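The sequence and structure are shown below.

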Amino acid sequence: MALAGAGGIMNDKRYKVRKWLEESLDDEFENFIKNAKLTPRQVRILRLKIQDGLFNYQISREINLSTEKIRDELRIVYDRGIKLLKII
């Protein structure tokens, strides 16, 4: 199943990772970042998305990247989260 959002479609597993990140405690969030081996840019995008609650277009403006690149980077982060959190 896929969930439609303003920016397109997010599959169930990626959605579960995003929800976990949104509900995680600070230390869990930091451990995720460390264990997922994210790039500095991915960390910044993830913090803006999850901690600051920005939409992709707002992140795009904030760090001067296209919304497509923001989406791609978040997909990579969420896919790493699927493996890391063992979401089936």
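W20 has a relative accessible area of 29% and is therefore partly exposed, a class lying between buried (under 20% relative accessible area) and exposed (over 50%), with a 1.4 Å probe and protein chains only. The model is a predicted one, in which local features need pLDDT of at least 70 and side-chain atom pairs count only at pLDDT 80 or more, while totals for chains, interfaces and linings use all residues. Residues are numbered from 1 along each chain as its sequence is written, and side-chain values use heavy atoms, with hydrogens and water left out.

W20 is placed in helix 1. Apart from neighbours within four places in sequence, W20 is in contact (heavy atoms within 4.5 Å) with E28, F32 and L85. The C-alpha atoms of W20 and L85 lie 9.2 Å apart in space, although 65 residues separate the two in sequence.

Two aromatic pairs are found in a search of the whole structure. Rings of Phe, Tyr and Trp (its six-membered ring) pair if their centres lie within 6.5 Å; planes under 30 degrees apart count as stacked, over 60 as edge-to-face and the rest as tilted.

| Pair | Centre to centre | Angle between planes | Class |
|---|---|---|---|
| W20 and F32 | 6.1 Å | 45° | tilted |
| F55 and Y57 | 6.1 Å | 10° | stacked |

The pair of W20 in helix 1 and F32 in helix 2 links distant parts of the chain, twelve residues apart. F32 is buried because its relative accessibility is 2%. Y57, by contrast, has a relative accessible area of 41% and is partly exposed.

F32 also belongs to the largest nonpolar core, which has 21 residues; L21, F32, L38 and L46 have the most contacts inside it. Such a core is a set of buried Ala, Val, Leu, Ile, Met, Phe, Trp, Tyr and Cys residues joined through side-chain atoms within 4.5 Å. At least two residues of this core come from each of helix 1 (12-23), helix 2 (26-36), helix 3 (40-51), helix 4 (56-63) and helix 5 (67-85). L21 is in contact with F29, F32, L46, I50 and Y78, leaving aside neighbours within four places in sequence.

For the chain as a whole, the pattern along the sequence is β-β-α-α-α-α-α, with helices (H or I, at least four residues) and strands (E, at least two) taken as DSSP runs numbered from the N terminus. Of its 88 residues, 33% count as buried.
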